[in-house]
Amino acid sequence: PNVEAIAAFEPDLVILSDSGIQQELELIGVEVYVAAAAVVLEDVFDQMLEIGEITCQRVGALAAVADMREKIAELLNGINLPENPLTYYHELDDTLYSVTSGTFVGHIYSLAGLVNIADLADKDGSSWGYPQLTQEFVLEADPDIIFFADAECCGQSVETITSRPGWSELKAVRNGNVIEMDNDVSSRWGPRLVDFLATVNAAISSVKAG
């Protein structure tokens, strides 16, 4: 981000996801709030409440958080997992980058009781929770559910994924459990996490029913 370009808008507040230009903005009198990447749900709620305070919208923030808590609890309570844990693969792009349970995205799947196949690909943490998997790794792991968040960025679809060499033999493909995940919903921490969990919940219910 360009400090001069931001300053030209004369903002009352700038919300950053990291502190890279925080000091420069503050030096020219711009108020800054750093909303670092959430790790768990409570981080999301804390940031929403803090932004509510800063923007004089405390009541609205409290209402939004309370609504999220209620809907998320309802969704989690409504999940009926099979006796054997379900495994999943979350695809970030068509080069097979994924997320582990150590990321916020992975944390949400963990809340739903799913087991992440990508965890084994980053046991030492060298990929910072975002390992690039191989075709062979995915085929060997044989996940129960595939969530793909690369429809918009990379033109992926159920058809392109199921037509990959060898993927037709995966359980997720055979059972019709290849689910498109809106990348805007799954990659951001905020009110739409309810939509994220609703998609996961529906996928789990479908697997159980099948």
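1. Two strands pair if DSSP finds at least two bridges between them. Keep that in mind for this predicted model. An open sheet here has four strands, in the order E4-E3-E5-E6, and the pairing is parallel. Strands E4 (115–116) and E6 (178–180) are the edges, as each pairs on one side only.

2. Look inside that sheet. Strand E3 (residues 87–91) and strand E5 (residues 145–148) run parallel and are joined by four bridges. His90 has Phe147 in E5 as its bridge partner.

3. Now turn to strands E1 and E2. Four bridges join E1 to E2 (residues 31–34), and the two run parallel. Ile15 is bridged to Tyr33 in E2. From E1 the chain passes through helix H2 (residues 22–27) to E2, a right-handed β-α-β crossover.

4. Next, the rings. There are five aromatic pairs in the structure. Tyr89 and Trp167 are edge-to-face, because their planes stand at 65° and the cut-off is over 60. Their centres are 6.2 Å apart. Tyr89 belongs to strand E3, and Trp167 to the loop between helices H8 (158–162) and H9 (171–174), 78 residues apart. Tyr89 is buried at 0% relative accessibility. Trp167 is buried too, also at 0%. The charged end of Arg164 sits over the Trp167 ring, 4.6 Å from its centre.

5. Tyr109 and Phe147 make a tilted pair, with 5.0 Å between centres and 40° between planes. Tyr109 is in helix H5 (residues 104–111) and Phe147 is in strand E5, so the pair ties together parts 38 residues apart in sequence. Both are buried. Ring pairs link Tyr109 and Phe147 with Tyr88 and Phe196 into a cluster.

Notes
Residues numbered from 1 in each chain as written. Predicted model: local features only at pLDDT ≥ 70, side-chain atom pairs only at ≥ 80, totals over all residues. Heavy atoms only, no water. Right-handed = clockwise from strand over helix to strand, strands pointing away. Phe/Tyr/Trp six-rings, centres within 6.5 Å; stacked < 30°, edge-to-face > 60°. Buried < 20%, exposed > 50% of the residue type's maximum accessible area, 1.4 Å probe, protein only. Lys NZ or Arg CZ within 6 Å of the ring centre and 35° of its normal.
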